[in-house]
Amino acid sequence: MESASEALGRLREGNRQFVSEVWRRDGAQSNQARRAEVAASQEPFAIILGCSDSRVPAEIVFDQGLGDLFVIRVAGNIVAPSQIGSVEFAATQFGTRLVVILGHSQCGAILATLDELRQPSESRSHTIRSIVERIRPSVEPLLATELANDPEALVEQSVRANIRASASQLRHGSDIVEELIEKDGLLIVGAEYSLETGKVEFFDGVPE
Ligand SMILES: [Zn+2]
C-alpha cells in the first residue's frame, strides 16, 4: 500500500486532470478488465469522507475509477460513530493510509445550520436536526464576529471551520484511529472542493 503522501499526490494529480478536462479517456479505470480485477479484492488508496451533494462525487472530481477510493458520504461531511467505524474498517482491512474530509463551497448543510442559528425552527425533523447539531459548534462562534455582517465570507469561513472540526473529531474519534495515526502513518487532511472552479484545495493537516 502506498504512503499517505503518495496517495495525496495521486489525488492532487487526479483533480488537476478533472479541472483541465484531460480525462483518462480510454476508460481503463472502470472497464470490464478493471471490474474483474477488483471483484476479487480491493486496495483503495484513499478514504474520502465527503458531503452527499450531487455536485461533489469523489471519483469524478479526483478522476478515479473502480476500486480506487473508499468513499463515505453524508450531508455536511459530519463525523458520527458510523463514519468513524467506516474509516477504521477501511484503514485496518485495506491498509489505506490517507483520509480526506472533503467539504465544498455553498454547502447546503452549512447554509441550513446558519439559517437555524439565525431563526430557529420547530418544524425541522429531528433527524435533520441531528446533522445541524453536529455542524453548529464550529459555525456558531463565527456568528458572534464581524463575519455576521458579511454573508458571503460567513458561509466560506463556516464551510472551512466545519471541515477542520470534522478532521479534528476524526483524528480523536477512537483509540484505533489514534493508534493508526501514531504508529502506522495514517494521515487525516481537510480539503474544500470549489463548485465554481472544480479545484480541490487541501488546507488542513497537510504536512509541509
Ligand atoms: Zn454539502
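Q: If buried means under 20% relative accessible area, exposed means over 50%, and partly exposed is in between (1.4 Å probe, protein chains only), which of these does glutamate 179 count as?

A: Glutamate 179 counts as partly exposed, at 44% relative accessibility. This is a predicted model, in which local features need pLDDT of at least 70 and side-chain atom pairs count only at pLDDT 80 or more, while totals for chains, interfaces and linings use all residues. Residues are numbered from 1 along each chain as its sequence is written, and side-chain values use heavy atoms, with hydrogens and water left out.

Q: OK, and what does the side chain of glutamate 179 meet in a salt bridge?

A: Its partner is lysine 183, with 3.9 Å from N to O; a salt bridge here is a side-chain nitrogen of Lys or Arg within 4 Å of a carboxyl oxygen of Asp or Glu. Lysine 183 is exposed, with a relative accessible area of 62%.

Q: How are glutamate 179 and lysine 183 placed in helix 8?

A: They are 4 residues apart in helix 8 (residues 175–184), which separates them by about one helical turn. Helices (H or I, at least four residues) and strands (E, at least two) are DSSP runs, numbered from the N terminus.

Q: And what is the salt-bridge partner of arginine 136?

A: Arginine 136 pairs with glutamate 140, their closest N and O atoms being 3.4 Å apart. These two are also 4 residues apart, in helix 6 (residues 126–143), and so about one helical turn separates them. Arginine 136 is partly exposed at 23% relative accessibility, and glutamate 140 is partly exposed as well, at 37%.

Q: How many salt bridges does the count come to?

A: The count comes to 13 salt bridges. Among them is the one between the side chains of glutamate 2 and arginine 10, at 2.6 Å from N to O, where glutamate 2 is partly exposed with a relative accessible area of 21% and arginine 10 is partly exposed at 35%. There is also a network of salt bridges that links Arg34, Glu37 and Asp68.

Q: Switching topic, what coordinates the zinc ion?

A: The zinc ion is coordinated by Cys51 through SG, His104 through NE2 and Cys107 through SG, at 2.0 to 2.3 Å. Donors are N, O and S atoms within 2.8 Å of the metal (3.2 Å for Na, K and Ca), and because water is not among the atoms, sites may look incomplete. Along the sequence, the spacing of the donor residues is C-x52-H-x2-C.

Q: How many disulfides does the structure hold?

A: The structure holds 0 disulfides, taking a disulfide as a pair of cysteine sulfur atoms within 2.5 Å.

Q: What about the strands, say strand 1: which strands is it joined to?

A: Strand 1 runs parallel to strand 2 (residues 69–73), with 5 bridges joining them, and also parallel to strand 3 (residues 98–104), with 4 bridges; two strands pair if DSSP finds at least two bridges between them. Glycine 50 stands opposite arginine 73 in strand 2, while isoleucine 48 stands opposite valine 100 in strand 3.

Q: Why is strand 1 largely enclosed?

A: Strand 1 (residues 46–50) has 5 of its 5 residues buried, so it is largely enclosed by the rest of the structure. Both of its faces are covered, with Ala46, Ile48 and Gly50 buried on one side and Ile47 and Leu49 buried on the other.

Q: And which way do strand 4 and strand 5 run?

A: Strand 4 (residues 187–193) and strand 5 run antiparallel, with 4 bridges between them, and the partner of tyrosine 193 in strand 5 is valine 200. Their hairpin has 6 residues between the strands, and in it glycine 198 takes a positive phi near 85°.

Q: Last one: what is asparagine 15 in contact with?

A: Leaving aside neighbours within four places in sequence, asparagine 15 is in contact with Val61, Phe62, Gly198, Lys199 and Val200, where contact means heavy atoms within 4.5 Å. Asparagine 15 lies in helix 1 (residues 4–20) and is buried, with a relative accessible area of 5%.
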